[in-house]
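Here's a quick tour of a two-chain model. Have a look at it first, then we'll walk through a few of its parts.

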Amino acid sequence: MKPTTVSRISTAVTVAVTVLTALSAVSAAMSPAAAADPAQSDLAAWQRNGKPDRLIVVRPGVVDLVHHGVIEARRSPGAGDVRMSWLAANAGPDWITQDSDDPSAVQVRAAVLLTPGTTLRIGRVTKKVLFTAGGSAASGTWIRGSRATLDIRDTALAAVGPGGGDLADGTGPRPYLYMGAGGRLDISDSTVSGFGLSGRAPSRFSGVTWGKGSTGSAVRSTFQGNRTGLRLAGSVGVRLNDVTAKDSAEDGFVLNRDTGTSVTGLTARSNGRNGVTVGGTDGRTLSRVTTRDNKGFGVRATPQNGLSLVRADSGSDRGGGIRLLSCVNCTVSDATVRHTKTAVSVTGPGSRVTVDKPRLSDGRTGISLGEDIRSATVTGGTVGDFTRGVSVSGPRVTVAGTRIDGSRTGISVAGRAHDVALREVTIAGSRTAVTAAATTTGVSLTSVQVRNASGKGLASASTGLRIKGGSVSGAGTAVDLGAPARLDGLTITGAQRGIHLSRAVRATGTELDVLAERKGIEADRGAVIDITDSRVRAPLAMAGDGEIVRHGHTEVTLPPFPWLGFAAIVALLSAIGLQTVHQVRHRRTPRPKVARHVRNTA
Amino acid sequence: MNGLLDNTLINLRYYLIYLPLGVLGLVRWGCWLLRRAPAALYKPVKNGFRLPMSVVVPVYQEDPEIFAHAIESWLANDVEEVILVIDATDHACRDIASRYPVTVVVTDVPGKRDALVRGWEAASTDLVALVDSDTIWADDVAAETCKPFIDPRIGGVGTRQNVYNPKGFLQRVNDMFLDYRYFDENASQSVMGRAVSCLSGRTAVYRRELLLEISDDFMAETFMGVPCMSGDDKRLTTLILERGHLAFMQRSARVWSTFPGTLRIFLKQRLRWARNTWRSDLRALSRRWVWRHPFLAFTMIDKGVSSFTLLLAPAFMTLAVIRQDWFFVACLAGWWWVSRSMKILPHLVRRPSSFFLVPGFVLVSFAMAVVKLGALATIRKQRWLTRQVSVENGVVVRTSQSAAQPAESEATA
């Protein structure tokens, strides 16, 4: 037969099918009796689902094998659920190939549509299901359903090439699982790998998706190398328990607009974007989420209300640990984040977040609170080894009871920050413990402990800074003021310089106790500090061209005399003195006369 | 209030941890100044007094070149006689001795003590110089060591010693230790009561009549039931002082001796000396005579205590490193360098380049403190450690005939 003839016949068949389809659609609309006809329904389903080359339509009590829109065969599984092993045995090798050596392994070569009221079970006999990928869009394999049930247990689902071998990168299209409205998808103790349409394909076909109104569960299962590991898109009451998504091309887990989801023990590892992305739902709780080595954030929360993230554990996620975007009334509790750029970042208008007892270490910024947030509270926990421990750029921020160690800047208050309260915070081993920029107002420090700051304990250009209680022990300059401030009950020890006031700065202090190694209080020209009932001890207690006004029982003394150091100097001088006595008494001692081979004669 | 309390606790912890070291350092420096002050006032005896002198030298497997140099240096001192007590197995040294006008006494009894006794019994002069076979004299050693004997109470006179042409770190450190000893410990003991704790065996001059008197006690020394083999010089000094005579260090008499250049022999030598010192000092402090020389007793106690206290400094350094208190670590290391340099100023004036060896000298001092504690724990052991002899069943015997070892003088540090 000539090619042109084949082409004409093919065109004629296509036209015929199209016409028949159109007629059937029209007839279905016109006649309920016609719509109930399985053949008509199969054609409609075939059209709605992308006209796959081979489509297995599972109906209650009937399984149709639709080839290019034409029912090629009809099988009757009997009443009840359909099993993958039954399909493999009855559909034929062009549809589902059964491994002759291993009856528990099958290769699916067709798309499978579960119609309402049907159930497909995979797992009791079939332990390995390979979905053929590659080729054209119409030759793709998938399982879809709505108001149906797909139950997968103890099974490995994987995408393979047409010949059954591994898929090369970029081979498309790949298989996917999608359960739509009213359906149920349960996956337990299974592995799903290599799934998900790539490119511009709809996100619901990105791997394994619980669609709008569907429910089900994923338990003790792993989703590996999918486009998106696992996606909940408007699902209802899905249970995720001890699930791992790794090596995904995009996100590991996407939880979007789902309701009533129960989440414990998610692990997202080495995914191409974020480990876990959550959004679109209020009042959600995620507990025990573990993320590692993801290219985006460990956990990324898009705008939502009432998110509670409990005991999240992020490590080496490149984009950051936990990112909350416009998250209102959200709480991050007992989070552990290490080795990433920003451990916890909060941004976006309306953000109102509480970070409770975090354990953050090693990175650029421990906690970043953006300019456009509404408010934030950090309580307890430890932040260590960051360039900036806590960066506050937004308003109404409280940091209480947190310990910050080994960070170059302990707490930075800058940007549009106002009404910032630091309470009972301990900052140790920083270059600068606390900085407050000139753009900020209403910054207060209550009982803040600063230890061993190599540079400045507190550097403030923030007008109206208030310090109440607390201490600075060990610093180059304990308190460096570039703007008016009020200091009450602050104790300074082990600093080179206690308090420094820049030009024209005015400050007041009461009950200050300053013990400095060089200068107690230094006020530059035009600066004025009024101190009341205070004690300043240093070799140079008051220095600078400014004015230091004392009130009440203010005491200015020298520091305790370093007796040990003095004794050491006396001892050294005594040794030199005694040596001088010796030298003088023996100044005429001649060199010994001895044979020339002896050289050590001095 | 909490902040203030917290700060106070921090300061208290700091002082509680490091203050004891500071106080201890102060006490140690005080003890050193007590020694150094009289030492700075020391002057050797000057007069024209001279007595006839014999040089007695036990010889066993000595380096031929050094031995020949040494004989020539003794003869250049115009002494009455040089008596070499040579081990019967040592033919090489006997050949060398035959080239010089010296008296050779051949002995087949191993051990230095017996050789010394044979030597002074063979001598015929009023004064006998007991000398090690590797010790080279300046030209005026005999004349200088005679001068203190103008005082009839003086029973023995020691010399100032240095390392013969020091090479390498260990020999330089040994030279530093020797200067420290002769400008500090021995000088102060000579000024404060003329009771030097040990007239070093490399060269010590005694009245012969006293040596004959103490011969039996010298040979019969035991410690906790074990006959003593080494520590002859310390023993002789003790027997002299015990009998009411005095011991003086004449620093203008200078001698040079060889010292080990390898760490193994260095440590063994120090271990042997440390054992001798513990034995002698513990025994002396338990006797009445030493308390007639309170300064000598003080230096003995001070030396014993320092063995323990010296190790506290590196312990505190370790603690500071663990606490990552780098400021304190730097201060303590700097203090070690500066303070130890001050203590060995007489040596640094003589050899300024040794300043750069001071850190090593400090570390060796710590190692020596460990060796001293090890010596205390094994105080009953009798081994020469650097020669092939030992005490077996109460008798000194050769443990090997073959290996020719360089001889080392024994001076209890």
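## Chain B at a glance

Keep in mind that this is a predicted model. In chain B, 79% of the contacts with a separation of 6 or more are between residues 24 or more positions apart. Chain B has 14 helices and twelve strands, and of its 413 residues, 47% are buried.

## Two helices crossing in chain B

Now pick out helix H9 (residues 263-285) of chain B and helix H14 (residues 358-377) of chain B: their axes come within 8 Å and cross at roughly 55°.

Who meets whom here? On the H9(B) side you'll find Leu267(B), Arg270(B), Leu271(B), Ala274(B), Arg275(B) and Trp278(B), and they meet Met368(B), Val371(B), Lys372(B), Gly374(B), Ala375(B) and Leu376(B) of H14(B). Sorted by class, the residues of this contact come out as eight nonpolar, one polar and three charged.

## Where the chains touch

The contact between the chains draws 30 residues from chain A and 39 residues from chain B. On the chain A side, strand E46 (471-481), strand E48 (491-501) and H5 each give two or more residues. H5(A) gives the most, with 13 residues. By class, that side of chain A has 13 nonpolar, 14 polar and three charged residues.

## A closer look at H5(A)

Helix H5 (residues 563-585) of chain A has 23 residues, so at 1.5 Å a residue it should span 33 Å; its end C-alpha atoms are 32 Å apart, which agrees. Among the residues of H5(A), Ala571(A), Ala575(A), Leu578(A) and His582(A) are buried.

Notes: Residues numbered from 1 in each chain as written. Chains lettered and ligands numbered in written order. Predicted model: local features only at pLDDT ≥ 70, side-chain atom pairs only at ≥ 80, totals over all residues. Helix = DSSP H or I, 4+ residues; strand = E, 2+ residues; numbered from the N terminus. Buried ≥ 20, exposed ≤ 12 C-beta atoms within 10 Å, placed from the backbone. Contact = placed C-beta atoms within 7 Å. Expected span 1.5 Å × (residues − 1). Nonpolar A, V, L, I, M, F, W, Y, C, P; charged D, E, K, R; others polar. Axes fitted to C-alpha atoms, helices over the stretch in contact; angles between N-to-C directions.
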